[in-house]
2 protein chains.
Amino acid sequence: MEERVVYVPVETLRQFMYEVFVKCGVPEEDAEICADVLIASDIRGIPSHGINRLKMYYDRIKQGILSPITRFEIVRETPTTAVVDGHHGMGHVIGFRSMKLAMEKAKKYGVGTVAVRNSSHFGIAGYYALMAAEAGMIGMAFTNARPSVAPTFSVEPMFGTNPIAFACPTDEEFPFCFDAATSITQRGKIEVLARLGKPTPAGWVISRAGELATDTRAILTGIPNGEYALLPLGGAGEEMGGHKGYGLAVMIEILCAALQSGAFLKDLAGFDEQGNARPHQLGHFFMAIDIEHFVPLEDFRRTVGGILRALRAAEKAPGAERIYTAGEKAHLAIKRAYERGIPINEDLQRDIKTLQGELGLVNHEFPF
Amino acid sequence: MEERVVYVPVETLRQFMYEVFVKCGVPEEDAEICADVLIASDIRGIPSHGINRLKMYYDRIKQGILSPITRFEIVRETPTTAVVDGHHGMGHVIGFRSMKLAMEKAKKYGVGTVAVRNSSHFGIAGYYALMAAEAGMIGMAFTNARPSVAPTFSVEPMFGTNPIAFACPTDEEFPFCFDAATSITQRGKIEVLARLGKPTPAGWVISRAGELATDTRAILTGIPNGEYALLPLGGAGEEMGGHKGYGLAVMIEILCAALQSGAFLKDLAGFDEQGNARPHQLGHFFMAIDIEHFVPLEDFRRTVGGILRALRAAEKAPGAERIYTAGEKAHLAIKRAYERGIPINEDLQRDIKTLQGELGLVNHEFPF
């Protein structure tokens, strides 16, 4: 099956997303943040977390489980730490302001850490880590998420794709940025397979019966009700290290929930016991480390650049074209995105038209 | 092939290791730390990093590439950060003192971080993370290591097994402790297969020709000279997330090398360009986070305990006996170790006899 994809200029999409958020009641300054986080995902070549999610945010605001106005409350603060309550506001705004807070602390005291409760889906974790990297610091961002991944030796979706993001400056023209779910894959990649009519690779997903599942359509409908679960990085069982991906995910669950005494695991599903929609109550953890507290920034940049260049120069596997370092593919994707635009598939075209119709946003010239 | 294994009481082994270190010129207080770190690995069921490595330390001290007397120099310090030069002393002592320093900082300021240069093999990273957990804090420990793992799309061993360790207190009788190499496996596990005469599972190791290698003996002799490389967590290529294990390892290389402007990747091999042995110049990164700066410790313990109990109660995969959480297997192993002793295989019996002979340590009653 072939996808009919059209390419839309980056700034057109950013402006559209901004207007959607404003129409939803998000204050203008906050809407700029939300649109910037989403477009950052699209331009970096991660379509699952960009405009693809716009309608999800819209639906949740309409449902009343996501507050367009973000009350960012610092409930506890020390020079290097803070606990923030997001009061079910926009995750992007909560994430942005929390990372800013962590960075201010790091600039002054060397390290800044912020634990967040009652937040919502904040887009790509890498965005927040990159904020620190752009300011000459190491940034780390973690979030928990609604349950979709099974522990090692289990078939039940218990925790989220719980990503870890780490970014830092280098002496090259783009930062090092590692941003990855601690599961082998995430829902967005399986949705792409569905649109292409392709099976899911055996090893990504386990069925409730304990079998490695490959039926893409069945998996997508079955994950939300627990018939299927994603597998942690390393896969099923322990032989290929599945317990390591599982352990990393639990570490992130602890950082994101226990440092703010918040909800965790199944309580992040977005439904109460009666099956009614409710806020997802996500937790995040942000950290900024000011490099100049350790070594001169230029030395750090040179060391990191040296590591990355040595890795890229390693001997290639037969048939491999090149060896990448984290952040490099995104750097290439950004160039491409500004040259040819962001690919918008048919599902997404429909979503955009729906939003245009429902919100009366008619002054956008989309080529579909 | 069957291994002839004898069991030796924990305290007998600890005392023997202590005496070996003292005979090697390690000061008594430091020798206690070294022996404690090694025995902690054995009792936790990680034989690869305990007494199994004792002769390696002995050999390196004899070679003159590891200094039995540890000069622990703090070269730069702020309230929340420090850079330490270990001057090629005992990694265990450097790690212990660095984590203590991070914990003191965390107690006062919320977070403490220590980057270390010119260190050496420090045993299990989990030991240092656990120091913080036992003091009611979150502990994290990272180290780089001599090159044995290939980047994604490469066949060349470029970086080490670069472990990440994370530990924290819970309301249960043992702490949460995640401690794992970012490669699928490490050399020690392949050595165990060699003793049992078993093949290496396909997927752990890649040959220079790009094939998944299973010949255990060939792998063990071939890793040091680059004929084989371990694969990062997630395996070869990107389909099962190998780029994630690779990215995590590079993140750790950066934390451990770039914050102290130190050696990295191939420069950690322990040989100079002429092939002469030289210090490994390892780097570490330690972090302690004081929980009470965020939430009451009792609340944190309860949240973490709640997460862990929910995970263990998840639906089991068909045929699975139980679901573990990180630190639980170690907890069970510790009980077993104190009941029946530490298993000492024939290779290790030989090593111990060699050390006894060469150091004149005759007053130990080993049952072999």
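In the predicted model, the two copies meet through the same surface, because 99% of the interface residues of chain A are also interface residues in chain B. The contact involves 68 residues of chain A and 67 residues of chain B. On the side of chain A that touches chain B, 42 residues are nonpolar, 18 are polar and eight are charged. Two or more residues each are given to this side by strand 3 (81-85), strand 4 (111-119), strand 6 (164-168), strand 7 (176-180), helix 8 and helix 9 (297-312) of chain A. Helix 8 of chain A gives the most, with eight residues.

The arrangement of the copies was examined by superposition. Chain A is superposed on chain B by a rotation of 180° with 0.0 Å of shift along the axis, at an RMSD of 0.0 Å. This is therefore the relation of a two-fold axis. The residue of chain A that comes closest to the rotation axis is Gly234(A), whose C-alpha lies at 2.5 Å.

Helix 8 (residues 242-257) of chain A packs against helix 9 (residues 297-312) of chain B at an angle of about 145°, and their axes are 10 Å apart. The crossing of these two helices is right-handed. Helix 8 of chain A contributes Val250(A), Glu253(A), Ile254(A) and Ala257(A) to the contact, while helix 9 of chain B contributes Thr303(B), Val304(B), Ile307(B) and Leu311(B). Of the residues in this helix-helix contact, six are nonpolar, one is polar and one is charged.

Methods: Residues are numbered from 1 along each chain as its sequence is written. Chains are lettered from A and ligands numbered from 1 in the order in which they are written. This is a predicted model: local features need pLDDT of at least 70, side-chain atom pairs count only at pLDDT 80 or more; totals for chains, interfaces and linings use all residues. Axes are lines fitted to C-alpha atoms, for helices over the stretch in contact, and angles run from 0 to 180 degrees between N-to-C directions. Helices (H or I, at least four residues) and strands (E, at least two) are DSSP runs, numbered from the N terminus. A crossing is left-handed if the near helix is turned anticlockwise from the far one by less than a right angle, and right-handed if clockwise. Two residues are in contact if their C-beta atoms, placed from the backbone, lie within 7 Å. Ala, Val, Leu, Ile, Met, Phe, Trp, Tyr, Cys and Pro count as nonpolar, Asp, Glu, Lys and Arg as charged, and the others, Gly among them, as polar. Copies are superposed by least squares on the C-alpha atoms of residues with pLDDT of at least 70 in both.
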